[in-house]
Amino acid sequence: MNFSEKKIRAVLILEILGRPPEFLTETLEKIMKDMEGEKGVSVLNKKINPPVLMKNQKDFYTSFAEVEVETESLTNLTILIFKYMPAHVELISPQNINLKNSDFEEILNEITRRLHGYEEVARILQNEKNILENKLKEISEKSIQKESSEKVETSSKKSEIKNKK
């Protein structure tokens with residue numbers, strides 16, 4: 001069967017961690033509500049598992065949700081995956097997917113577009129990090145110079161007082 005003639009069903013596992021535990025449940029509910037509003041996506045089933053305290057943590061919880069979706073195209077599923085970053089994806093149907101070059105090209109272009117966006121954000125963050133490190137280094141050097149200058153000044157005053165005696 002041609003890809004464009006059949007919808008795709010998949011189960012997405014969304015994992016989240018943080019605190020307080022109520023926040024995890026609220027966040028997963030919001031994510032699933034947002035998914036329901038995505039173009040070309042129908043949420044068929046959803047289940048949120050209760051938050052669980054993480055091992056070796058005092059107040060850090062983890063939770064996950066299982067969301068069964070039906071998408072109009074593989075491109076819609078790809079966008080959903082990049083937007084919501086599930087921990088796991090299980091394709092339920094169809095068993096076989098036959099793609100035309102143009103369908104596969106659309107998916108690859110969407111992936112490329114998103115990756116370029118992520119790369120731009122990473123580059124901006126790296127530049128901001130470098131600026132902050134340089135400012136911190138500059139402030140630290142000024143502080144060291146000031147302390148050094150104050151020590152010399154204090155030492156000079158002590159010498160003057162000693163010489164006057």
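## Strands and their pairing

Strands here are DSSP runs of E with at least two residues, and helices are runs of H or I with at least four, both numbered from the N terminus. Two strands pair if DSSP finds at least two bridges between them. This is a predicted model, in which local features need pLDDT of at least 70 and side-chain atom pairs count only at pLDDT 80 or more, while totals for chains, interfaces and linings use all residues. Residues are numbered from 1 along each chain as its sequence is written, and side-chain values use heavy atoms, with hydrogens and water left out.

Let's start with strand 4 (residues 61–71), which pairs with strand 1 (residues 8–18) in the antiparallel sense over 11 bridges. Here I16 stands opposite S63. Strand 4 also pairs with strand 2 (residues 41–48), again antiparallel, over seven bridges, and K46 has V67 as its bridge partner. With strand 3 (residues 52–53) there are two antiparallel bridges, and L53 faces Y61.

## An aromatic pair between helices

Aromatic rings of Phe, Tyr and Trp (its six-membered ring) pair if their centres lie within 6.5 Å; planes under 30 degrees apart count as stacked, over 60 as edge-to-face and the rest as tilted. The count comes to one aromatic pair. F82 and Y118 are stacked, 6.3 Å centre to centre with 25° between the planes. Because F82 lies in helix 2 (residues 74–84) and Y118 in helix 3 (residues 101–164), the pair ties together parts that are 36 residues apart in sequence.

F82 is buried, at 17% relative accessible area, whereas Y118 is partly exposed at 40%. Buried means under 20%, exposed over 50%, and partly exposed in between (1.4 Å probe, protein chains only).
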